[in-house]
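Please read the report below alongside the sequence and the coordinates. The sections go from the whole chain to single residues.

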Amino acid sequence: MPTPEAEAREKIDAQLVAAGWRVQDLASLNLSAGPGVAVCEVHTQGGFADYVLFVDGKALGVLEAKRGGTTLSGVAEQSARYTATRRWIPQRWADPLPFTYESNGVETHFRDQRDPDSRSRPLFAFHRPEHLRELVQQDSASPARATLRARLRDLPTGHPLVTEPLRECQVHAIRNLETSLAENRPRSLLQMATGSGKTFTAVTQSYRLIKYAGARRILFLVDRGNLGRQTITEFQQFTTPDDGRKFTDLYNVQMLGPSGVDPVCSVTVSTIQRLYSQLMNNDLDEEADEHSGYELDGTGGGRREALPVRYNEKLPIETFDFIIVDECHRSIYNLWRQVLEYFDAFLIGLTATPSKATLGFFNRNLVTEYPHVQAVADGVNVGYDIYRIKTRITEGGTELGAGFDYQKRDRLTREKRWAVQDQDETVAPAQLDRSVVVPDQIRTVIKTFRDKLFTDLFPDRPARAEAAGQPHPWVPKTLIFAKDDSHAEDIVHIVREEFGKGNDFCKKVTYKAGSKPEEIIKAFRTAPEFRIAVTVDMIATGTDIKPLECLLFLRDVRSQVYFEQMKGRGTRTIDPNTLATVTPDAGNKARFVIVDAVGVTESDKTDSRPLERKPTIPFDKLLLQVAMGDRDADTLTSLANRLARLDRSLSEEDRAELHATGGISLARLASDLLRATDPDLIREQSLPPGAPEDAEPAAEDLKQTALSLANEATAPIATNPAFRQLLEKKRRNTEVTIDHHSGDEVLATGYDEERARQIVTSWRRFLDDNQDEITALQILYNRPHARRHLTYEEIRALSEAIGRPPYHLAPAEVWKAYERLEGLTRGPGQPDPARVLTNLITLVRHTIDPEHSPLAPFPELVEQRFQTWLAQQGERFTDAQRHWLEVIKNYMALNGAFATENQAAYLESWESVDSDEGVPLAVAKRVFGEDPKGIIEELNEVLVA
């Protein structure tokens, strides 16, 4: 029986051979046998090395082998001793040898001793010889830049970032990320709000990593195929900041295809499922590449294990230097995590909505936080209002009456027939638009949306349209979320009918829409006649459609992260002139509206765990695999997911029929399947009674217990063909009942005042908690009494404090919440008051004393007070002096006050005064005949105090 050391050597030898190495002992030494030769038991100055690695006949590294289970952190010093070879090995790339490996056959560590503060890192497998040759030859004339990590350390200071045309949040993200990389942190996470330019930030960073850090290849992972094509466009349009050429003029960018990774491509864009299929040499269903991970979510629960990964010489571990994961579903960090960990690469995550799983995967190394509330405060995003539509059938379901004729529609062919209902049937809300369609329920929601569009949702549009000479206001660009493709089809036809418009007005954007999805999305983004798009998930995440002003939810969503992603479709800002090309009467996009017709904003949300492991395998084939003896954990969890989904869409009559045939409820069956894959339960049942808590069962016992649990859980399916057939029939439910008899009615409409009250409550709590801590609040609460005016910096600090935990508020949201609760409306053409930072002064004062401090824009109040004061001055000022009083007043309106407390602050304020008439203070002194400081102090009292 081989010793543990011998077993480890066998595994190590096999891994070396897989990576292209020839394994030899000294007796059979032939350094010309291949580009890489691993020679066993070679004498060095530090002793006998288990393996010395030769490339092109010259030594460049050592490998120390240990028995299975040995921890490797303390072995690195031993390996390092063996790298001194001057007296023993005449042909070498460097002395000491640069590379060390330690392995026990299961774990492998690697270190490049040339790295600054070099440290070992875990690897999935060994590098190929060609890669080590490339590494040892890099920048040999400049030892300080000889390795990637050395170049990364130099990047932040050696190559300062060109900040144009980056936003402040993008500059902050890149600088912090480069600091993290310079510190050799293997994983970094960037949180940036939707619409703040995550992809542009990543493209900018990719350019810097390739040009200045010498990155060979970067992998850019996206959530869906169409987002990958959108990312390719971002790279193609990126203009380099130094010489003005396009990114793709300098570096090749590819979408990963069947032919694999092009070695001359600097950037490869792919979905995780396509990358996995290539790693495992499997074919990928093209449609599966277009489905978001969010749509593959299950019902939650169950412990997840990563998908198995094996070494692939076509995609060696060194294929990529960096992997950028852009807004991918949380399953990428559990189900797919070994795909990411396979590569010897830095991992960079981009997200607007980090989950606990995401933060955990990136070692909680959150290098930048730019949440939605801060983006709204900065004018990068717009906030939103929630408008609720409740109808009787949506809220309570309906009844199918016995003896009535109902239309039946085939799910696959959509062929229709009429049939008599043989018994009364209760239809729950969850069944609507799945097994039963009530056209009037959809119609009632759409009619209500249409009728409230220009009275409640966008009341300023009729006046805008009239002012622009338009006969009718334009329907704002609207995205409707449907439950599935069939539901989307019904919605499209009803929208066209109720709005009295043609095909161009409303279109479906799903995988079965007919035209290429990218073409439909492009048309929705730019075509004025295309006003309403109906989708399931194709543009629920990532897709950039800036003119969107309205999201109508006709489906519920249980995942909080997915819901945040869907909401993000409306947050993007857009230049008013650009918006006018598709919506001429829109003016400025200051907010968007969520129209909630199903209670999606009220339902409980979880950070749900996706269970689907085999999304491309049909339900009937999963059932057949179980019947034929498949007890694989992936099969069981995927089947549990499908059964739980099916159970939610069934009527009570369906459930009773299935229970009678199978002897078990679908909920119980799904639960049993999940339990059969639970490692804790398997371990517990593998131990004999009375075993110690820390006892570990034998591997064979674990295997037998897992099989026993799986056999027991699958028995109702494996042993009952009639049950399998009925399950498939119910899943297909080949016909959908069309209930034309039931009429729906509106129960309630209106904005969500509860959310507004919650925002105002949080705002008041913020003021109470911080009135003695934040300078701006001390002054506004008249503490200290000696100062009554705020500086711009103090107002800015207040704005930033509002957005931080635990409050997470944006002044724009607080202002709109007060407007909602107090019934205030903005007139046509009136700018959004929340965009002016000094309106925080009004907001705080209104909260402190609502009776004497109206909620009106601060510049507006300043203007009113100024005109009153100016009328009282009579002939005191000349026309030229009145002009400069206007200039000073405008500065105060936008900055809170004019600093006069000390001369330095006073002069600095004058430097910021907007005037093209020369040096502002010098001109003002000449016009007033003296320094106008006294008048400014008077205006501070009159206009601001």
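## Basis of the report

This is a predicted model, in which local features need pLDDT of at least 70 and side-chain atom pairs count only at pLDDT 80 or more, while totals for chains, interfaces and linings use all residues. Residues are numbered from 1 along each chain as its sequence is written, and side-chain values use heavy atoms, with hydrogens and water left out.

## The chain as a whole

The protein chain has 36 helices and 27 strands, these being DSSP runs numbered from the N terminus (helices H or I, at least four residues; strands E, at least two). Along the principal axes, its C-alpha atoms fill a box of roughly 110 × 90 × 60 Å.

Of its 945 residues, 54% count as buried, where buried means under 20% relative accessible area, exposed over 50% and partly exposed in between, with a 1.4 Å probe and protein chains only. Among contacts (heavy atoms within 4.5 Å) with a separation of 6 or more, 70% are accounted for by residues 24 or more positions apart.

## Nonpolar cores

A nonpolar core is a set of buried Ala, Val, Leu, Ile, Met, Phe, Trp, Tyr and Cys residues joined through side-chain atoms within 4.5 Å. The largest has 56 residues, and those with the most contacts inside it are Trp763, Phe766, Leu798, Leu885, Phe898, Trp910 and Leu939. Helix α33 (residues 879–895) supplies the largest share of this core, seven residues. Another core, of 52 residues, lies apart from it and includes Tyr51, Leu63, Leu221 and Val325.

Once neighbours within four places in sequence are set aside, Leu885 is in contact with Phe866, Trp869, Leu870, Phe877, Phe928, Ile935 and Leu939.

## The α4 and α5 pair

Two packed helices are described by the angle between their axes and the distance between the axes. For helix α4 (residues 148–158) and helix α5 (residues 168–182), the axes come within 8 Å and cross at roughly 145 degrees; axes are lines fitted to C-alpha atoms, for helices over the stretch in contact, and angles run from 0 to 180 degrees between N-to-C directions. The contact is made by Leu152, Arg153, Leu155 and Pro156 of α4 together with Glu178, Thr179, Leu181 and Ala182 of α5.

Lys589 is found in the loop between α19 (576–582) and β25 (591–596) and is buried, with a relative accessible area of 1%. Its side chain reaches the backbone oxygen of Lys546 at 2.8 Å and that of Arg572 at 2.7 Å.

Thr231 lies in helix α7 (residues 225–237) and counts as buried at 4% relative accessibility. The side chain of Thr231 reaches the backbone oxygen of Leu227 at 2.9 Å. Leaving out neighbours within four places in sequence, Thr231 is in contact with Thr199, Phe220, Val222 and Val269. Ala533, placed in strand β23 (residues 532–535), counts as buried at 0% relative accessibility; not counting residues up to four places away in sequence, Ala533 touches Thr478, Leu479, Ile480, Lys507, Val509 and Phe524.

How values were computed. A polar contact is a pair of N or O atoms within 3.5 Å; within protein, one must be able to donate a hydrogen and the other to accept it, and residues adjacent in sequence count only if both atoms are side-chain atoms.
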